[in-house]
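This report goes through selected features of one structure. Please read it with the model open.

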Amino acid sequence: MAAVTRDSIREAFVDRFQSIYAKTLESGSQQEYYHTLVHLLKDSIGHSWARTNSEYETHKVKQVYYFSIEFLPGRLLKNYLLSTGVEQICREALADLHLDLDAIYREEHELGIGSGGLGRLASCLLDSMAAMRIPGHGCGIRYKYGLFRQQLVEGYQVELPDGWLKNGNPWETVKRDKAVVVRFGGRAWAESVGERLVFHHEDYESVLAVPYDMPLVGYGNRTVNTLRLWSAEAVADSFDFQGFNRGDYSKSVEYKYSVESITEILYPDDSNYHGRVLRLKQQYFFVSAGVQSIVRYVKRKCGSIHYLDDLAAIHINDTHPALVIPELMRILMDEEGMGWQEAWQMVSGTVSYTNHTVLPEAMEKWPVEIIQQLLPRIYMIIQEINERFCRELAARYGADSERIREMAIIKDGYVHMANMAVVACSSVNGVAKIHTEILKKDVLRPFYEHRPYKFNNKTNGITHRRWLLQANPELAKVITRVIGNSWISHPEDLEKLLRFVHDAGLQEEIARVKKGNKILLANHISTQCGVAIDPDSLFDVHIKRIHAYKRQLLKLFHVMALYNAILAKPDLEMLPRTVVFAGKASPGYYLAKNIIKLINTVAQKINHDPAVKGRLKIVFMENYSVSLAERIIPAADLSEQISTASKEASGTGNMKLMMNGALTVGTLDGANIEIRDEVGPENFFAFGLTADEVLAYQLHGGYSARQLLEQEPQLDLIVDQLSNGFLEAGSEEFSDIVRHLIDANDEYFVLRDFAAYQVAQQDVEMAYRDPHHWRHMAAVNIARSGQFSSDRTVGEYAVGIWKVRPLVLDN
């Protein structure tokens, strides 16, 4: 902010408010105060933003372009006030005007451009790039409604539109002069001109891609990078004026609505043909727009596209942006006149790929006929990539047709996007050590054997400035009092806490902060959910996307086991426990939505049973978001990271929770293993099948869920309670869950891991009953969490993949 004194901020705020709204401050609303403060802050940010871009251009530095179908930044105002160092002085200046900064914070609607871990990781990496002065930007879609707003109606998830743009987005700046045209459909054909083929694309539908830029503010420096979000609009001359005058109103605007639907919602339902076409349109739309923008910048700065790989590192976050590859090939060949080999080397030297999944159903593939119809020229290029690669494989592996078929990009009537990304990109990385090993040894094994040098690991990380400094300010103050504030810019310095983890004073301070956060969350739950929570109970949290492999069912079955124990012995002495669930299920994922209903049905029964006597409470908090996570995570005692081993690529919720002093109960999956190794097995509650054991069962069999239930009466009772009238639901209400467990043979080993999970929970209870021991464990987790900062992750990407360096701006 340009104004740095209390008086000047106060005066500037009043002036700006009156200039925008033409009324007195006293007659304003909280929403108007919010917009005023954002506009005021943007004035200062804008100067640094322009200067950052100017310095990048002047020095012709290599810049990172991070392509992601989603970003999940959360609220920005508090984050940017902290980053620019004026949060406290703004709070004081607004208090002079009888305004509450915290009330203004609550007016900000989270950006509806992401839904979960993929988007949150992308935002963490962008935050770290700016904080570390790495020239790096995001490229995504400006969704009108985002994913959806989750509401619970009688325990069922109901999806409502997320109207995050209702009051506008004051952070964005539209750049209409930088709009580009994206082409869909039509026909592509080639002709020989001299010694080369010239390709033509005709009769296509034009869509205007308009960029909306948002600032990415670096902490404690003057670096401001850019998040560019593309919005789909009809081209200027598309309105059928004559048709409208003839009374054909719907047809005259049909094209406009068709175009705008491209950027309406995140992850449209792809269970039908039209949904699949829309998803593919979304992916190509923002990829083409982003690549065109990069190419235009490089040519403007250097006069030649041949400097592309010197000035740009394009990174694709999973396979949604994989069409970067053929689109960049198209531009380099069709528009810039490069030959195939030169263009291919340029693409391979510029684009890198992060894989985020080992689940077969999440490995994207598109029907050939859809790509042919929607993107005819792009499909021709994909065909050529596939044919050249298959010839390369045939030359090396001869008659091994099965290997060639497995590695082909086009097979069985589909284009396999992960295969294309691995073939084309210079670097392929996993996001946790075990995940990368599974890619190399199993999921992408033939590709690793073919080109092992491409594969590397970059374990995910989280921005500690949001998830500790901002989300848990009282804990941040305790840490700073003990070890100083260097950890804010150098998170590895959190290790300095290790010298004090046995100190009773530090332990008591951490416990005091935790108790305060638990009281705040309990009050919020009481207000929002109508459930009274005991702040002295163990806060046991399972907060993440609802999916069978993330095993919300395993946590719920443990809850049911505790409840059954109370029913069997009403005076049972038991550690009071509050179990908090939160997460959204994909609208078309009916099993996950059924699990949400089951959780709420069990919660309704337990929370209203007087026999429980407060020993057990269950809450499902609706509409999980970054802001809700910022409430839950600082209050959590126990972090549930219980996915089926080998299925979770990394996870980042595990990192956020440990950073805030929660202890982890988890399988040896994803980044859990690295967390356990970092804190020591004595400070981690591990249980369950290993990844190798899960893969062996899947490969060789040998597991029967029916036989297991016959041998485990306690578990058999729980499964039976889903349909025997024990719950207030019809006998068929949860039949899909029962069939998934029994008929589908417990695909994610919920039943198989249940006994081991119960033992781990007994260890949790024993540890929690010893406050000194628990607090020591919590302090160790906090001290070791710096390893999981996204600053470390970005540093590894910058050196090992992107080959970019920080640019320090002069004061």
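The model is predicted: local features need pLDDT of at least 70, side-chain atom pairs count only at pLDDT 80 or more, and totals for chains, interfaces and linings use all residues. Residues are numbered from 1 along each chain as its sequence is written, and side-chain values use heavy atoms, with hydrogens and water left out.

**Parallel sheet**

Helices (DSSP H or I, at least four residues) and strands (DSSP E, at least two) are numbered from the N terminus. Strands count as paired if DSSP finds at least two bridges between them. An open sheet of 6 strands has the order β20-β19-β18-β21-β22-β23, with parallel pairing. β20 (616-621) and β23 (685-686) are at the edges with a single partner strand each, so one side of each has no neighbour in the sheet. Strand β22 (residues 663-666) runs parallel to β23 and is joined to it by 2 bridges. In this pairing, valine 665 is opposite phenylalanine 685 of β23.

Helix α32 (residues 771-784) packs on the sheet and touches β18 (538-543), β21 (638-641), β22 and β23. Contact here means heavy atoms within 4.5 Å. The direction of helix α32 makes about 90° with that of β22; axes are lines fitted to C-alpha atoms, for helices over the stretch in contact, and angles between N-to-C directions run from 0 to 180 degrees.

**Antiparallel strands**

β6 pairs with strand β9 (residues 205-217) in the antiparallel sense over 5 bridges, and valine 180 is opposite alanine 209 in β9. Strands β7 (residues 187-193) and β8 (residues 196-202) also run antiparallel, joined by 7 bridges. Valine 193 faces arginine 196 of β8. The hairpin of β7 and β8 has 2 residues between the strands, and glycine 194 takes a positive phi near 65° there.

**Salt bridges**

A salt bridge is a side-chain nitrogen of Lys or Arg within 4 Å of a carboxyl oxygen of Asp or Glu. The whole structure holds 56 salt bridges.

| Lysine 593 | Glutamate 159 | 2.9 Å |

Glutamate 159 is partly exposed at 27% relative accessible area, while lysine 593 is buried at 17%.

Arginine 403 in helix α15 (residues 401-407) and glutamate 449 in helix α18 (residues 445-450) tie together parts 46 residues apart in sequence. Arginine 403 is buried, with 17% relative accessibility, and glutamate 449 is partly exposed, with 35%.

Arginine 792 and glutamate 796 are 4 residues apart in helix α33 (residues 790-802), a separation of about one helical turn. Arginine 792 counts as buried at 16% relative accessibility, and glutamate 796 as partly exposed at 30%.

Elsewhere, a network of salt bridges links Arg6, Asp7, Arg10, Glu92 and Asp96.

Methods. Buried < 20%, exposed > 50% of the residue type's maximum accessible area, 1.4 Å probe, protein only.
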